[in-house]
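Subject: Handing over the structure

Hi,

Here is the structure I promised to pass on to you.

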Amino acid sequence: MYKAASFGLLRSTPLRSSSSSLFKPLTPSRISASLVGSRSLVFVRPVGVLSGSLRYSCGSDRRSSLLSARTLIGDKPTVLDRFERKIATMAAENPFKGILTSLPKPGGGEFGKYFSFSALNDPRIDKLPYSIRILLESAIRNCDNFHVTKNDVEKIIDWENTAPKLVEIPFKPARVLLQDFTGVPAVVDLACMRDAMNKLGSDSNKINPLVPVDLVIDHSVQVDVARSENAVQANMEFEFKRNKERFAFLKWGSTAFHNMLVVPPGSGIVHQVNLEYLGRVVFNRDGILYPDSVVGTDSHTTMIDGLGVAGWGVGGIEAEATMLGQPMSMVLPGVVGFKLTGELKNGVTATDLVLTVTQMLRKHGVVGKFVEFYGGGMSRLSLADRATIANMSPEYGATMGFFPVDHVTLQYLKLTGRSDETVSMIEAYLRANNMFVDYNEPQAERVYSSYLELDLTSVEPCVSGPKRPHDRVPVKEMKADWHACLDNKIGFKGFAVPKELQDKVVKFDFDGEQAEIKHGSVVIAAITSCTNTSNPSVMLGAGLVAKKATELGLLVKPWIKTSLAPGSGVVTKYLLQSGLQEYLSKQGFQIVGYGCTTCIGNSGDLHASVGAAISENDIVAAAVLSGNRNFEGRVHPLTRANYLASPPLVVAYALAGTVDIDFETEPIGVGKDGKNVYLRDIWPSSEEIAETVLSSVLPDMFKSTYEAITKGKPMWNNLTVPATTLYKWDPESTYIHEPPYFKDMTMAPPGPHGVKDAYCLLNVGDSITTDHISPAGSISKDGPAAKYLMERGVDRKDFNSYGSRRGNDEVMARGTFANIRIVNKLLKGEVGPKTVHIPTGEKLYVFDAAMKYKSEGHPTIVLAGAEYGSGSSRDWAAKGPMLLGVKAVIAKSFERIHRSNLVGMGIIPMCFKAGEDADSLGLTGLERYSIDLPTNISDIRPGQDVTVTTDNGKSFTCTVRFDTEVELAYFNHGGILPFVIRNLINSQN
């Protein structure tokens, strides 16, 4: 029912030249008047060096390249001739092969060869941040003077001077990481690309990952059953019942595509599995040693940065292009040096630290930058603590929060079962190539773009909320902050509850027991999420809190939905080894499954009586979770206040039953001896936690867990899938549906498009997240998606979540802008997933209004405020609007990945001029909008200004956020994946 448009992603800002040069620059001629840069035009295999393997062959066939270029730019003989002459001068092999150096083994022989920084004899390299050295090594190793040029290498070496100029560089990550919510649509797209190749008469088997791809199924388990010793098995049965078709599809993908590992459900959370098992730190492939690096289709891929592996989140389609060998185009980032000193005080957790760091970095401004941690305090942080800080990079806005490899890293690698020989190889390589930090030696001065410093002794216990992860609240100020939130007008820190209603108490019957809730009552308490479940100190700390509370006679109220979802089976082993799982279970924190659960909205239903008490009395109920995201509407539709907290504090707030408490002066409860019990009475000391970690977390636990991880549970192993390379689409499926993206694709690029007389589909304010645009959580019991499913015989109880149905474009289009908390100014104060169909004045669901506009032949746009598209790197937040017919988004600012996604989907991202927005310009959203973009891509420049006109005579200037010439090329092709398909076919021909 959709007319397909384009899609693809890129993340970058305008390309500018560098004045300094170590090498003679190879600046390409502008192709079709700056259509694209010299690289990224042609699809080729990943460039490797001295490899006999086709997958990692060096260079590319020049004839294929020229054919691809001709397709790209069209028939412009003069331009093409100039391009061909340029190609003829380019090297066919790596110009840096002369610095390949042998890395000897201590006992004789060699580990392999590596590209030696020292052999370049350039003093600038010694001052580079460690994170930039990883980009430099990749550029040197992949240099072919076409996709990666010597000039690119020089840009990185001269980072101190070039980074402020926002120069563009290519980057080839070593591998790709997926989870199932984003993995399913990625595999759907790959399967669809195979069909497109087949229909265009080419070899569909060309669509295969050329770098290692690891997909961990962790996002599908929901907390249907809690407070039960059988919860893990029961929830897995529900998970397979709902997702059997999705899981079978992924299992098919693992056999149909090469180089793809699928970790079955029930194994753990993707980022913890990546940290404990998948992370290589250093690759040794075909005798070449190089640093591990990864891009993942989940924002919190950054957790691996704590292990010294460069990794960050990208949109799904960009990850697909990376799988298929396409170099990523990125801006050479600035690096914020974050110095850590001192040591955390007794009783302060890594969660308290990361919430403090998040607030500091958010205030400093680190969007699009790397953050690199250093200083004397590093030795006081465990690897798990570092991973906790790195995990929340998306929340503080950085691309990475990087911790260079040091002795702590090596100890962790040994703890988690990496072999002694592997660890020896990692240390030897990183030391030899000046990428290892030894704090026992004098530290060379490194240059950073800006500097921050934190004394760890200043960190205090805290939470964040009630609606954003960077709104930190010290625990001692929680009660006062809560009452301020009740008073404040509706916003990120306000609920606007009238004074006379703030003390209202609602009594209700809970399974025959008298229960009550009021504003601030905790109804969900979840130990969940990759951020914290990978950290033994906070997990065992939670167990110690539960133990002390149990022994004093405190119990969590039965109507609070409590849950514990470990990030891997290792957590279960050490909780059992310590004897603390028994006490967690007595407080209702039985293990419910191994996956993300509550943190991504898979919290399951509340008890019917609790839900009724909240909704019928307009209670501002609270959830407390050890997660990383607490945007409104994400955790659960009925919890308007959501606080991020350490696992021990999750248990404490569950015991208190409310966030309306001052732990310093008010008791949590009354013990069995009739005396008040305070938080200090049940809080473990840092020494107590450390001793428990030392005695309970053992190397054999990691080895035994991961030896069995790919074997799968019986339900997974019993799935049967066809042994075919082309997927057999089932038109009746409500989970896996053939998308329309390549339906009418031809070999000719479609070219750019402008916008004429568009209506405004939504007019929204600041901080609209990808959760607002494309929810991942539960599907509302009414609305277009529900109607679609019920028409196809799906019972309400089997709706599952939007995240689980991302393989079906029909469901996801109907779920676009379906967040129940979205505020659309066209509705004049009403909250919810509806809009106004302007020609008729009808109030309709957003999907229905969009389809009405499409049937009438009217394009649409979206007006937005600042930070549009913040939150998860969710490509459906761009795919969905494209399917609805949205042609442009005009905003004050964009989150970096989402802007790229919009470009890739053929939606024009535009920014108001500084100091302007829809309100200041007097735009109501009731106007019709025209954006006059040239029809020839060569007439568009990155970052150029255009005039937007309305039908009531207003006009204003916006900046078109095509940030690089490469993005213009993808826009011209209708997206990065159509671009890849065309170039693959040309290469084959």
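Below is what turned up, starting with the strands and ending with the rings.

One thing to keep in mind throughout: this is a predicted model.

On one side, S30 pairs with S29 in the parallel sense, over 4 bridges. Val-862 is the residue that stands opposite Val-889 of S30. As for burial, 5 of the 6 residues of S30 are buried, so the strand is largely enclosed by the rest of the structure.

**A hairpin**

For an antiparallel example, go to strands S1 (residues 100–104) and S2 (residues 110–115), which pair over 5 bridges. Thr-101 stands opposite Tyr-114 in S2. The two strands make a hairpin with 5 residues between them, and in the turn Gly-108 has a positive phi of about 115 degrees.

**Nonpolar cores**

How many residues does the largest nonpolar core have? The count is 284, and Phe-373 and Tyr-868 are the residues with the most contacts inside that core. Helix H7 (residues 180–199) gives the largest share, 11 residues. Apart from this core there is another one, of 26 residues, which includes Ala-888, Ala-918, Leu-933 and Cys-958.

If you select Phe-373 and ignore its neighbours within four places in sequence, you will find it in contact with a list of residues that includes Phe-338, Leu-340, Val-357, Met-378, Tyr-396 and Phe-402.

Helix H10 (residues 316–323) is worth a look: 8 of its 8 residues are buried, so the rest of the structure largely encloses it. Among those buried residues are Glu-318, Glu-320 and Thr-322, along with Ile-317 and Met-323. H10 is followed by Gly-325, which has a positive phi, near 90 degrees.

Is Gln-587 buried or exposed? Gln-587 is buried, with a relative accessible area of 0%. Gln-587 lies in the loop between helix H20 (581–586) and helix H21 (608–617). Not counting residues up to four places away in sequence, Gln-587 touches Arg-227, Ala-546, Ala-549, Thr-550, Leu-554, Leu-555, Val-556, Thr-562 and Leu-655.

**Rings**

On to the aromatic pairs, of which there are 26. Phe-171 and Trp-312 make a stacked pair, because their ring centres are 5.5 Å apart and their planes lie at 25 degrees, and planes under 30 degrees apart count as stacked. This pair links distant parts of the chain: Phe-171 is in strand S3 (residues 168–171) and Trp-312 is in strand S10 (residues 310–313), 141 residues apart. Both Phe-171 and Trp-312 are buried.

Trp-252 and Phe-257 are arranged edge-to-face, 5.6 Å centre to centre with 80 degrees between the planes. These two residues, Trp-252 and Phe-257, are both buried as well. They belong to a cluster that ring pairs build from Phe-249, Trp-252, Phe-257, Tyr-727 and Trp-729.

Arg-680 lies over the face of Tyr-678, at 4.4 Å from the ring centre. The charged end of Arg-805 is over the ring of Tyr-735, 3.9 Å from its centre.

Happy browsing!

Note on methods. Residues are numbered from 1 along each chain as its sequence is written. This is a predicted model: local features need pLDDT of at least 70, side-chain atom pairs count only at pLDDT 80 or more; totals for chains, interfaces and linings use all residues. Side-chain values use heavy atoms; hydrogens and water are left out. Buried means under 20% relative accessible area, exposed over 50%, partly exposed in between (1.4 Å probe, protein chains only). Contact means heavy atoms within 4.5 Å. A nonpolar core is a set of buried Ala, Val, Leu, Ile, Met, Phe, Trp, Tyr and Cys residues joined through side-chain atoms within 4.5 Å. Rings of Phe, Tyr and Trp (its six-membered ring) pair if their centres lie within 6.5 Å; planes under 30 degrees apart count as stacked, over 60 as edge-to-face and the rest as tilted. A charge sits over a ring if NZ of Lys or CZ of Arg is within 6 Å of the ring centre and within 35 degrees of the ring normal. Two strands pair if DSSP finds at least two bridges between them.
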